[in-house]
Amino acid sequence: MAEGRSFADIELTTRRLLLRPWRAEDASSVFEAMQHRQMHEFLSLPDPYTMQDAVSFVSEVANANRADRSGLGSAVVERASGAVVGSADLRYSKTNLLGADIGYAIYPPAQGNGYAAEATRALTEWGHTQGLNRIELRCAVTNLASAATALAAGFAFEGLHRAQLRIPSGEVASACFARLAADSGDAIAPDFPRLGVLDDGVIGLRVVQPDDAEPFWEQDADPESLRFGFRGHPASRDEVAAATGRAGLDWLVGSLASLAVVDKASGGFAGSVRLRMSGPPQVARVGYATHPAFRGRGYATRAVRLLAGWAFDVAGLVRLELGAKIENIASQRVALAAGFATDGIRTARLRNADGSFSDEARFALVRSQTVSRINP
């Protein structure tokens, strides 16, 4: 906690925003915003949220850390209109005298304008002028908007912390981002660009979502999947739920693009396909699997073709690689049908459930190859 005169009168101004102390007349804006259900997804709020809750917030809670210089709770005001469009708060660390963390919430009518990142930058830069070296930003692992804000404000991803946050749905893992005084503050690009719409009329691809956990588990627990897997038993449902829950975050900061294959006719989860970046720049490994209910329809080939086109044309990759156990003939046929060329054999590389190792058949596709090889 800092010592000296209170922060009661401090205001921060950006190009579009004013961060100022809360006022009694702001209660109506807070009350109106909290009637939107999406505000209750990640914030632990009274539910239903009453006008008295809003009055208590602006009069008793919102400015409290300004008085004792333990933080800078702020109303986020749109300068052009004078409207309160959200809240942002810098809070000094109780354990690190040179540290703090930031929280924010932009109200639904004003979302999509980059206000959260703009307010975060203002608080961060002010904090650094106050001698703070490290400022953290934590969000629920599924709060992708907040994670994107952290990157846009120049905060680097540092890792996951299990069961660290409590949100209305329960305890969840948090994603930790931080910015140091010595950091440039430049926006950090996500590992993969936005997917957009990818479909060929028969299947579509979208980013894996938490709701995919059960069909994803069914796919991986199928005997055919286990036969060519590495450990002979499926991941637990909890492990699969954790993986599907962080898929969106992995897309931003984990160098892993995990996509669900969707049957266009039924809307069902038909399989998965993924890109993992590791090793040389602009090179990624491809993996795929088909849900047992949709095998035999050529969906894996379609998915790999769609993904390859996007990887080259949008994500800027130059080479895709994949491998399959030498006994997995079906997987090798998918690779060849999707336009990949054979790329050699690696002996005794892929582990079997009994502890032995299979040779790996390697395949590759490079961007210089003709578009006709990767289009359906």
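Modeller: Two strands pair if DSSP finds at least two bridges between them. Strands here are DSSP runs (E, at least two residues), as are helices (H or I, at least four), numbered from the N terminus. This is a predicted model, where local features need pLDDT of at least 70, side-chain atom pairs count only at pLDDT 80 or more, and totals for chains, interfaces and linings use all residues. Residues are numbered from 1 along each chain as its sequence is written, and side-chain values use heavy atoms, leaving out hydrogens and water.

Colleague: Why are strand 1 and strand 7 called edge strands?

Modeller: Strand 1 (12-13) and strand 7 (156-167) each pair on one side only. The open sheet has eight strands in the order 1-2-3-4-5-6-8-7, with mixed pairing.

Colleague: Why is Gln282 called partly exposed?

Modeller: Its relative accessibility is 41%. Buried means under 20% relative accessible area, exposed over 50%, partly exposed in between (1.4 Å probe, protein chains only), so Gln282 falls in the middle class. Gln282 sits in the loop between strand 12 (269-277) and strand 13 (283-290), and has a positive phi, near 65°, though it isn't glycine.
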